[in-house]
Amino acid sequence: MASPKVVIYVAYCVKDQFFVDHCNYADDLESYMSQAFVGVRLKQRWTTLPRSLLEDIGQEQDVLSFVEVADHDGPYQDLDGKILPVPGAHIHVDMFALSDQVEKLTQYIEPEGDASAVHPHTGSTLAIVYTLPHNDFASQWNSLIFDDFFHYRTLRYLLRRVITPTPESVRNFQSPPGQIVLLHGPPGTGKTSLCEALAQQLSIRLSSYYPRSKLVRVKATSFFSQFRSDSDNAVVRLFSSIEAMINQDQNRFIFVLMDEIEGLARSRKTSSANAEPGDALRATNALVAALDTLRQYPNVLLLSATNMLDAMDDAFLDRVSLYSVGLPEAPTRYEMLRAALGKLVNSGDVSLEHIAEEDGEEVMLLDDAPAEPPRFDTILPPYGALSLAAGKSGPAQTLLQHAKECEGLSGRKLASIPFDAACSCVEKDVCTLGETLEAMGVEIAGLRQPSSS
Ligand SMILES: Nc1ncnc2c1ncn2[C@@H]1O[C@H](COP(=O)(O)OP(=O)(O)OP(=O)(O)O)[C@@H](O)[C@H]1O
Ligand SMILES: [Mg+2]
């Protein structure tokens, strides 16, 4: 039996929702790419399309925002920079436009239509609602770096196992496990960013089944300060509003992001032992009850995050699919430091000039490295291309050494090191890459010193 074709997922972003609703350019792009391309790379991006294709589909160049190779369904191992052959693969194009729409969720929609039940907090903001895919999260997915393609694996898991890909099969699937996802791990490891990016990517990948998506973003910790002794009622109002949104449109997918969920799902055992206020216990009870109601709907996914797993309520933990987000390994740390340096180079805060003089011309890592001007990717290649530089000295080796010494640091801390280093070069407006790398060494040595307290 012939093995099934590998699917290559392509994201096709147009500038206006009108084209998504009224024009089916996706099929044309699918057949064009299948015929014209020999191979593509993950994250490869185009901002123009060939004139001949545009004429065929009657589309102007300025309709297009970008086309990007978003994913594939083959193995992720060694995928960085690898060419995915197009002949023999199936190209799947998802067409979408980025929205700017953000609303406040304030209304309690009475399920029984009891208009007399006016609540003291009716009108307070319960959550922020984004129409997905949203401009605010446009670059989030590609900026994430995890060991072993963790984010792509999680996305695939959610697409395959949680959101079974047809609404009919979802409806037939009794109590699908994992409609509640909890990311846990140390602070600054990218949990919140990943939740937002997963909702964005899922909204694009699910668009053929659910043409519309919303992200309801709730900061659980602010519930207590905002609603005080009324937080359990606020939880009930929040989830009633979410349920109303789900019921309003069966073709709409609702993502609920509950960040810092420990604020609401605090362990009832320890809370009562520590004599915490009764409303915290009532809020946890209200949340657990609301989750059971939500589980009956196929078109909702709750994404939550915490760095306090030990403080979480057992009944809540029983209901979730747990994902552990760890501190990054050395190759990921190298990529994170490299990405942060790349931003500083792009913004003009760090210069690549004189790098050859500083570090010796022969540290240019690739045989075909252009002499002028020095390109960032040539001087600091991705980790996967580093073996070409094995045994040599130079910026890439210095950065690799820095990455090795940053064991135990989070993505948030790593992202700040090059920036702090560039700021510390106070003698000049713009410091060179060599100077920045040297200052990074000093920063990292400082971070490794045991604290005096
Ligand atoms: N895996 C990662 N890839 C890329 N950037 C990261 C990653 N992890 C952290 N960062 C950087 O750190 C910042 C903070 O990340 P984020 O807020 O998502 O972490 P968190 O795990 O939710 O932290 P906390 O537990 O404190 O809420 C991001 O804006 C990003 O700059
Ligand atoms: Mg967070």
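Predicted model: local features only at pLDDT ≥ 70, side-chain atom pairs only at ≥ 80, totals over all residues.
Q: R237: buried or exposed?
A: R237 counts as buried, because it has 24 C-beta neighbours inside 10 Å. The cut-offs, with C-beta atoms placed from the backbone: buried is 20 or more other C-beta atoms within 10 Å of its own, exposed is 12 or fewer, partly exposed is in between.

Q: OK. Which helix is R237 in?
A: Helix α9. Helices (H or I, at least four residues) and strands (E, at least two) are DSSP runs, numbered from the N terminus.

Q: How far is R237 from L126 in space?
A: 8.2 Å, C-alpha to C-alpha. In sequence, 111 residues separate R237 and L126.

Q: And which strands does α9 lie across?
A: Helix α9 (residues 231–248) lies across β7, β8 (127–132), β10 (212–219), β11 (252–259) and β12. Its angle to β11 is about 160°. Angles run from 0 to 180 degrees between N-to-C directions, and axes are lines fitted to C-alpha atoms, for helices over the stretch in contact. Contact means C-beta atoms, placed from the backbone, within 7 Å.

Q: What is the strand order in the sheet of seven?
A: β7-β8-β10-β11-β12-β9-β13. The sheet is open and its pairing is mixed. Strands pair if DSSP finds at least two bridges between them.

Q: Which strands stand at the edges there?
A: β7 (102–105) and β13. Each has a single partner strand, so one side of each lacks a neighbour in the sheet. The twist averages 20° from one strand to the next.

Q: Tell me about β9. How many of its residues are buried?
A: Five of the five, residues 180–184, so the rest of the structure largely encloses β9. Side chains in a regular strand alternate between the two faces of the sheet. In β9, I180, L182 and H184 are buried on one side, and V181 and L183 are buried on the other.

Q: What does β9 pair with?
A: β12 (residues 300–306), parallel, over five bridges. L182 has S304 as its bridge partner, and V181 stands opposite L303. β9 also pairs with β13 (residues 321–324), parallel, over four bridges. There, S324 is the bridge partner of H184.

Q: Switching to the sheet of four strands: what order?
A: β3-β4-β1-β6, open, with mixed pairing. β3 (45–46) and β6 (90–97) are the edges; each has a single partner strand, so one side of each has no neighbour in the sheet.

Q: How many bridges join β1 to β4?
A: Seven, with β1 (residues 7–14) and β4 (residues 64–72) running antiparallel. V10 has V69 as its bridge partner. Y9 stands opposite D71.

Q: And β3 with β4?
A: Antiparallel too, over two bridges. E68 in β4 is the bridge partner of R45.

Q: Why is β4 largely enclosed?
A: Seven of its nine residues are buried, so the rest of the structure largely encloses it.

Q: Which helix lies across β1, β4 and β6?
A: α2 (residues 25–36), running at about 145° to β6.

Q: Now ligand 1. Which residues come nearest?
A: G190, T192, S193, G411 and R412, out of 17 around ligand 1. Near means a C-beta atom, placed from the backbone, within 6 Å of the molecule or strand. The elements giving two or more residues to this shell are α7 (191–205) and α17 (411–424).

Q: What span does α7 reach?
A: 21 Å from first C-alpha to last over 15 residues, close to the 21 Å expected at 1.5 Å a residue. Expected span is 1.5 Å times one less than the number of residues. 13 of the 15 residues are buried, so α7 is largely enclosed by the rest of the structure.

Note on methods
Residues numbered from 1 in each chain as written. Chains lettered and ligands numbered in written order. Contact = placed C-beta atoms within 7 Å.
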